Amino acid sequence: MGHGASDRSPLIPVITGIGIVSPFGVGKEAFFLGLKEGRSAVGLVTSFDASLFKSRVAGEVKNFQPENYLKPEDLKRVPRIVPLGLAASREALKDAGIDSENLSLEEQRKISVLMGTGAGGIDFAEAQYAHFFNRDLNKATPYAISSSFVGMLSSELSIYLGLRGPSHVISTGCTSSSDAIGYAARLIRHGEAQIVLTGGIEACITPGIMAGFDRMKVTSTAFNETPERASRPFNRDRDGFVLGEGAWVFVMESETSAQKRGARIYGTVSGYASTCDAYHRVMVEPSGEEAARAMELALEDARLSTEEIDYINLHGTSTKMNDAMETNVIKKVFGGRARMISTSATKSMIGHPQGACGAAGVAASLWAFREQKIPPTVNYENPDPECDLNYTPNHAVPKPVRNAVVNCLAFG
């Protein structure tokens, strides 16, 4: 990512609108304030009884009022990601100077939707399938199928916002939103889309998901009494990730389009790349060879050298293997500069919003551009000798930021 406009091409993808609903609250400024203050938004799970689980903490979006975005009859037939996504999408469009309530047919056709999500409507599916499994079919909604599958997310957003451009969902686990943003940038770059509403939306804090991760032994269990300390990437005593949720949505268009509309440019999506370990369903390949190659290819695509990177937003899940591997990957890619580059893990503050985490990292990087500060890694108390980069401990730090890398890793 880059700060401001570019002189490379009139079709360079730029971000002109930001909309966020996060564990810090509703609105991008609530998210940005949380980064500035270096607060943890992780707490005990409140949306259901989590007492049966070994891990009982999460980064929930609390005090969110879905009825402010959808009618009561609509709320009965859609999963939580839809009102979350609508709230963030409307903010992003408004922020970009696009009046989504009064678009002409021609304008509607110019705006595409390309979103990332990992779990999709899993909360809706769990609730509805419980009726099937309990043989209480009369309680099941006719929308049990259409509102549960991952692909419904972009469709619902397109319907409610009246957007008639191509409408798609990318679901690649924790890299879903990174891939969605990367593909959106390519659509803009190749002239295949004029404006794209893109990002990541996740609402995966459910009994079924928590039970599954509990069985995998990958979530934090040691901090149920002090949940705000549970997500602690790169610490010696880290013991697993913390689930999170939220919506991070952006309006992306070409630089030419933005200038013609007089839109503010938050940053440039300069390059993107994705690789695959082809190694294991849930474990990362220990050498990090493909993760390193993805970063190198992204830099090549952006035509940036390692010397030009000022900040890396880390995947930083707070798991033993992932944090150590990611640290080594950055050393491979950046060599002697690795320890000098400012890095940080947004998940330390909001937990891990799974398929939306890359979009959260993009938002944190845009804040770094705006404020010329590095967002912190909070709960950094007990350094791990194997993790020895500059993780920006506990407090945001002023620093010139021109270019940033947003790193994402996923199952498989």
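A disulfide is taken here as a pair of cysteine sulfur atoms within 2.5 Å. By that cut-off, a search of the whole structure turns up 0 disulfides. The model is a predicted one, so local features need pLDDT of at least 70 and side-chain atom pairs count only at pLDDT 80 or more, while totals for chains, interfaces and linings use all residues. Residues are numbered from 1 along each chain as its sequence is written, and side-chain values use heavy atoms, with hydrogens and water left out.

Back to the cysteines. Cys357 is in no disulfide, and the nearest cysteine sulfur, that of Cys408, is 3.7 Å away. The labels run as follows: buried means under 20% relative accessible area, exposed over 50%, and partly exposed in between, with a 1.4 Å probe and protein chains only.

Next comes the packing of the interior. A nonpolar core is a set of buried Ala, Val, Leu, Ile, Met, Phe, Trp, Tyr and Cys residues joined through side-chain atoms within 4.5 Å. The largest one has 40 residues, of which Ile15, Ile18, Phe31, Trp248, Phe250 and Leu366 touch the most other members. Two or more residues each come from strand E1 (13-22), helix H1 (28-37), helix H7 (176-189), strand E8 (243-254), helix H12 (347-350) and helix H13 (357-371). H13 is the top contributor, giving 9 residues to this core. These elements are DSSP runs numbered from the N terminus, with helices (H or I) of at least four residues and strands (E) of at least two. A second, separate core holds 31 residues, including Ile81, Leu157, Ile201 and Ala247.

Contact means heavy atoms within 4.5 Å. Leaving out residues up to four places away in sequence, Ile18 touches Lys28, Phe32, Glu91, Ala92, Asp95, Val249, Phe250, Tyr266 and Leu366. Asn403 sits in the loop between strand E13 (397-398) and strand E14 (404-406), and is buried at 12% relative accessibility. With neighbours within four places set aside, the contacts of Asn403 include Met1, Gly2, Leu304, Tyr311 and Phe369.

Rings of Phe, Tyr and Trp (its six-membered ring) pair if their centres lie within 6.5 Å; planes under 30 degrees apart count as stacked, over 60 as edge-to-face and the rest as tilted. Phe31 and Phe32 make a tilted one, 6.2 Å centre to centre with 50° between the planes, and both residues are buried. Phe24, Phe31, Phe32 and Trp248 form one aromatic cluster. In helix H5 (residues 122-133), Tyr129 and Phe132 lie 3 residues apart, about one turn of the helix. Their ring centres are 5.8 Å apart with the planes at 40°, so this pair is tilted. Tyr129 is partly exposed at 29%, and Phe132 is partly exposed at 33%.

Charged side chains round out the picture. A salt bridge is a side-chain nitrogen of Lys or Arg within 4 Å of a carboxyl oxygen of Asp or Glu, and the structure holds 23 of them. Arg189 and Asp301 meet at 2.9 Å, N to O, linking distant parts of the chain: Arg189 is in helix H7 and Asp301 in helix H10, 112 residues apart. Arg189 is partly exposed at 23%, as is Asp301 at 22%. Glu307 bridges to Arg337, with the closest N and O atoms 3.8 Å apart. Glu307 counts as exposed at 52%, whereas Arg337 is buried at 16%. Lys28, Glu29, Asp95, Arg264, Arg370 and Glu371 are linked in a network of salt bridges.

Finally, the backbone. Most residues other than glycine have a negative phi. Ala278 has a positive phi of about 50° although it is not a glycine, and lies in the loop between strand E9 (267-268) and helix H10 (289-302). Arg303 also has a positive phi, near 60°, in the loop between H10 and strand E10 (311-313). Ala278 is exposed at 70% relative accessibility, and Arg303 is exposed at 63%.
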